Amino acid sequence: MSSETKQILTTDGIPLEISLKKAERKNKIKAFLLVAPLLLFLIITYIFPIGEMFTRSIDDKMITNMLPKTFKSMETWDGKELPSEEVFASFLSDFKILVEKKEHGKLAQRLNKEKNGFTSVVKKLFRQVKRNKIDETQNIKEQIMKVHKRWRDVEYWQAIKRTAPPYTSAKYLKAMDMYLNEDNKIVQVSEDRRIHRILWLRTLEVAFFVTIFCFLMGYPIAHLLATLPMKYSNLLMICVLLPFWTSLLVRTASWMILLQQQGVVNDFFVIIGLVADDNRPEMMYNKVGTYVAMTQILLPFMVLPLYSVMKTISPSLMRAGKSLGGTPFVAFWKVYFPLTIPGIGAGCLLVFILAIGYYITPALVGGASGTLISNQIAYHMKSTLDWSFASAMGLMLLGGVLVIYWLYNKLVGVDNIKLG
Amino acid sequence: MSKNTEFVKFDKVDKSYDGKVLVVKDLNLNISEGEFITMLGPSGSGKTTCLMMLAGFETPTNGEIYLDSNPISNIPPHKRGIGMVFQNYALFPHMTVFENLAFPLRVRKIEKDEIEKKVDKALSMVSLSGFESRMPAQLSGGQQQRVAVARALVFDPAVVLMDEPLGALDKNLRESMQYEIKHIHENIGVTVVYVTHDQGEALTMSNRIAVFNDGKVQQLSSPDKLYEEPVNSFVAEFIGENNTFGGEVVDISKDVCKVKLNKGEILANPVSVESKGDKTTVSIRPERALINPKNKMDNNQIGKIEEVIYHGDHTRVRLDLLGNKEFILKVPNSSNELDLKLGNEIKIGWNSQDARALDPK
């Protein structure tokens with residue numbers, strides 16, 4: 001029995017394990033070098049931008065760097081009454097530097113976001129400083145408080161203190177239609193300004209129904225593809241893939257031609273007498289348009305994983321089910337369907353994740369009631385240039401997808417996914 | 001109680017897939033109750049098509065199939081009550097062995113206790129008790145095969161169809177499974193229709209064998225008759241080994257005829273030749289031709305040894321005999337006194353009865 005515990009040596013006396021590792025090291029290095037370009041590419045184009053997005057979305061360093069002395073002296077201030085002379089003095093010295101660098105405007109803008117009314121207050125102080133009206137040998141607190149009555153209001157000093165930390169969750173709260181009020185409590189914005197939450201819900205709803213529609217339409221097609229003889233299935237496959245090879249923009253535009261009020265579909269409805277000519281239904285610039293166009297565009301992503309799974313299911317299984325006494329429905333439901341679940345999982349996950357971040361189609365055919373959260377992100381990227389807000393929403397979308405993936409893993413198991 | 005000799009009946013069945021070629025031509029076949037019948041033939045001979053028509057997955061283009069005197073062409077497969085073992089077993093991969101076996105019982109709405117009893121019985125029949133909770137992928141090929149057999153039998157079908165069920169197994173396992181299936185058939189007396197292209201399998205297991213070729217049954221008879229008395233040269237060629245001489249009948253009487261070959265003449269048994277001048281192929285089984293025969297034989301010839309191949313239990317000797325360079329002899333290795341050397345000339349003899357004059361190739 002002692003031979004079992006004894007270390008096994010190779011013929012030249014080196015322990016076998018070490019020899020084995022040595023022999024395999026070369027292969028490991030080779031394997032790593034093969035994936036290295038892709039790894040590097042992913043780090044540069046994926047990991048790094050996401051990290052950058054994250055820091056941008058919570059970044060609030062600008063003002064921290066503008067008022068370093070003020071925040072330092074504010075550390076000991078309890079925030080209940082007006083701060084001490086020392087705070088006023090350091091604020092003035094910070095402010096003078098800003099005036100020299102002509103950055104006082106940015107400060108006013110940032111503070112105004114925290115509390116309305118800061119713009120005029122800062123402007124007034126700027127004029128006094130510019131004219132050297134403030135004598136630093138005298139009591140600075142008294143002089144500043146004379147510049148504007150709001151400098152005597154403790155709420156404004158509290159607002160300044162709130163901006164001290166270099167990080168903020170304001171963008172994330174804003175995306176949920178909430179903000180941090182004066183008492184440091186999270187509250188909802190007034191009802192008429194709540195727009196983001198509707199968009200989030202609508203995005204989820206559209207993604208969910210598009211997934212359902214894709215599944216309902218894709219399943220029979222995939223089944224047909226997998227069971228038809230080769231020459232027909234190839235043709236059908238081309239039909240499924242043809243939209244894939246057409247530009248997304250072209251496809252969306254063609255849906256616009258079809259769905260508009262004077263469009264082909266409406267014309268057809270009028271001709272067969274389904275609707276009156278003066279009462280044409282609106283099928284575009286609303287959710288209907290988004291549903292129709294997105295379902296068509298995302299259909300291949302459902303069909304392909306389903307097809308690849310169905311292709312591996314032997315037709316003799318259905319036959320066995322029938323010959324054992326199951327009606328065609330029972331044979332399908334008990335034998336065929338359970339075997340396609342990996343494909344259903346993969347297809348649904350793929351379609352849902354693509355749909356949740358869909359942009360071009362809802363932007364073009366969605367109209368006001370059919371736009372999704374991604375359109376809002378694009379709007380902030382391009383129009384308001386509030387990139388940190390866009391980043392925050394983008395990351396929330398990513399987080400949402402990860403949560404769905406996690407849920408899916410809990411319910412179905414990711415091992416069951418089969419893409420081909 | 002006498003057994004129904006027309007339990008399964010193919011009546012003038014034709015089948016074509018494309019409207020141009022008949023895969024099965026005018027098939028008439030009666031299978032009696034409790035019989036083990038094998039459909040044997042090369043691939044593309046129509047045997048599997050026949051099985052699929054019986055199972056209900058293909059419809060006959062013409063003619064009718066009767067099961068216990070009822071026409072079944074319009075009955076869907078799930079109502080026929082025919083068990084089937086598929087070529088690749090077709091076990092449901094997402095169900096345990098128990099669930100696989102319970103499937104045909106559950107769809108028949110049999111009670112739970114009854115199902116458990118029947119599954120137990122079926123599993124013990126194929127000696128797989130204790131494997132209930134395994135998944136098919138956790139079983140070896142042979143075990144999967146047994147589960148498939150048990151599943152086809154568990155609901156007590158009147159007929160069980162087997163479509164090359166042993167094709168994927170290795171040689172040893174295949175042989176032991178042959179005996180096992182044969183014993184199961186003997187024990188429960190179910191009617192079995194078995195499809196294979198392996199003649200060894202067919203000969204070991206069947207009561208009767210239907211040899212298919214070109215969409216037709218060439219011969220339907222018991223294994224021994226099929227081997228000893230093939231009715232045409234296809235069957236002679238397909239079943240077992242076979243030495244052939246092509247020639248022309250020059251003289252014929254009731255049970256012997258003289259056939260003229262390229263070199264020489266031989267006496268043969270006229271099976272499918274009728275008159276002088278008929279072309280014929282004479283077929284002789286290798287074991288029917290003897291070396292240095294002690295008894296008197298009708299045909300005595302001299303052959304030259306071209307090749308000697310050692311096969312373990314016997315030695316195969318290839319001879320050049322009467323112009324046929326592929327004449328094979330099987331010599332049991334127990335008789336060592338023979339001097340089998342390349343180039344030696346040896347005496348060969350056989351009875352005219354064992355040389356069957358069949359249709360020309």
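A crossing of two helices is left-handed if the near helix is turned anticlockwise from the far one by less than a right angle, and right-handed if clockwise. In this predicted model, local features need pLDDT of at least 70 and side-chain atom pairs count only at pLDDT 80 or more, while totals for chains, interfaces and linings use all residues. Residues are numbered from 1 along each chain as its sequence is written, and chains are lettered from A and ligands numbered from 1 in the order in which they are written.

**Helix crossing in chain A**

- The crossing of α2(A) and α20(A) is left-handed; helices are DSSP runs (H or I, at least four residues) numbered from the N terminus.
- The axes of α2 (residues 16–58) and α20 (residues 387–411) of chain A come within 8 Å and cross at roughly 120°; axes are lines fitted to C-alpha atoms over the stretch in contact, with angles from 0 to 180 degrees between N-to-C directions.
- α2(A) is therefore oblique to α20(A) (angles under 35 degrees count as roughly parallel, over 145 as roughly antiparallel, 65 to 115 as roughly perpendicular and the rest as oblique).
- Residues in contact (C-beta atoms, placed from the backbone, within 7 Å) include Met53(A) and Phe54(A) of α2(A) and Trp387(A) and Leu395(A) of α20(A).

**Contact between the chains**

- Chain A contributes 15 residues to the contact and chain B contributes 18 residues.
- On the side of chain A that touches chain B, α16 (315–323) and α17 (328–356) each supply at least two residues.
- The largest share of that side, six residues, comes from α16(A).

Terms used
Two residues are in contact if their C-beta atoms, placed from the backbone, lie within 7 Å.
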